[in-house]
Each structure stands twice: as C-alpha cells, then as structure tokens.
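Please open the model in your viewer and keep the sequence beside it. The tour below goes from one selection to the next.

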Amino acid sequence: MVKSDHQGARSRARDLIVQSLYQIQIAGHDEVEVRTQFRERTEYQVADHDYYNQVLSEICYHWKSLEESMGKFLDRPVEQLDPVEKGILMLGLYELKALPELPFKVVINESVNLGKRFGGIDGHKYINAVLDRAVKEFRPKD
C-alpha cells in the first residue's frame, strides 16, 4: 500500500510538472516563479515534493538539450508542438534519459495518461509514438 501511495504522489507530481512547463511556455514565467505559485496549490500538498522540485529543475536546466533530443523523434519542428504535448514529451524524455531506474513502460504509460488528461483528442497517441521511438535510442537494452 505504501508503494501505491508513493506512486500516486509521483503521478500527482508529474501532473504539476506538466502544468508548470505549460505555464513556463505560455506565460514566460521562470522556474522560481512557477515553483512558488505551484507550492500554494492544494494539489502540491499530496504530490511527491522532492520529485516535482528535482525534475522541474532538471528539465528547466536542460531545456535546450531536451528540445534537441526531442527533435530527432518528431515528424515536425519542435516549435510546432502543442505546449501541453511538448511539456509531456519533455518530462517523458527527461525520465527516459536521466532516470534509468524508472522502467520505460512506466514512463510511457504515465506520459500517455498525462496526454489523455491534459492534451488534445489524439495527443496521447502522438506522445506514445514519439516516446516509443526515443526508447530505442535511450534504453536499447530494455
């Protein structure tokens, strides 16, 4: 039961990360400003705080390299991505590259679920396809 509670908190942290990345893209807020705003939300209280803070910081720090990596797996320029899908892909790619302890199936499943919750009608299918291509490069032995 503790594991499922932890997983639920991790999923909630992912929700907040995607929302934070969206706000960074749309409103132009920086990481510190977004983090301050999101810490005041009730959802933050039940999220994995450490995961949210660590991953958001890392994605912001590695933003350009994540965009470059992402470009290899897309069928369009990064600039043409919907901001929600871009945020989800940034998170998924970061997890695939930097967190090898996370099974790739978990990363893809969580990303697809984020796409269903926050993205466009078939955005989750696109997210799935992009991350499937990325797995072959980032996790060839899995």
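Begin with Ser111, which is placed in helix α7 (residues 104-118); helices here are DSSP runs of H or I with at least four residues, numbered from the N terminus. This is a predicted model, in which local features need pLDDT of at least 70 and side-chain atom pairs count only at pLDDT 80 or more, while totals for chains, interfaces and linings use all residues. Residues are numbered from 1 along each chain as its sequence is written, and side-chain values use heavy atoms, with hydrogens and water left out.

Ser111 counts as buried because its relative accessibility is 1%, where buried means under 20% relative accessible area, with a 1.4 Å probe and protein chains only. Its side chain reaches the backbone oxygen of Val107 at 2.8 Å. Leaving aside neighbours within four places in sequence, Ser111 is in contact with Ile88, Gly92, Ile127 and Leu131, contact meaning heavy atoms within 4.5 Å.

Because 13 of its 16 residues are buried, α6 is largely enclosed by the rest of the structure.

Finally, go to Val34 in helix α2 (residues 31-39), which counts as buried at 0% relative accessibility. Not counting residues up to four places away in sequence, Val34 touches Ser20, Gln23, Ile24, His29 and Tyr52. The C-alpha atoms of Val34 and Gln23 are separated by 7.4 Å, the two residues being 11 residues apart along the chain.

Conventions. Helices (H or I, at least four residues) and strands (E, at least two) are DSSP runs, numbered from the N terminus. Buried means under 20% relative accessible area, exposed over 50%, partly exposed in between (1.4 Å probe, protein chains only). A polar contact is a pair of N or O atoms within 3.5 Å; within protein, one must be able to donate a hydrogen and the other to accept it, and residues adjacent in sequence count only if both atoms are side-chain atoms.
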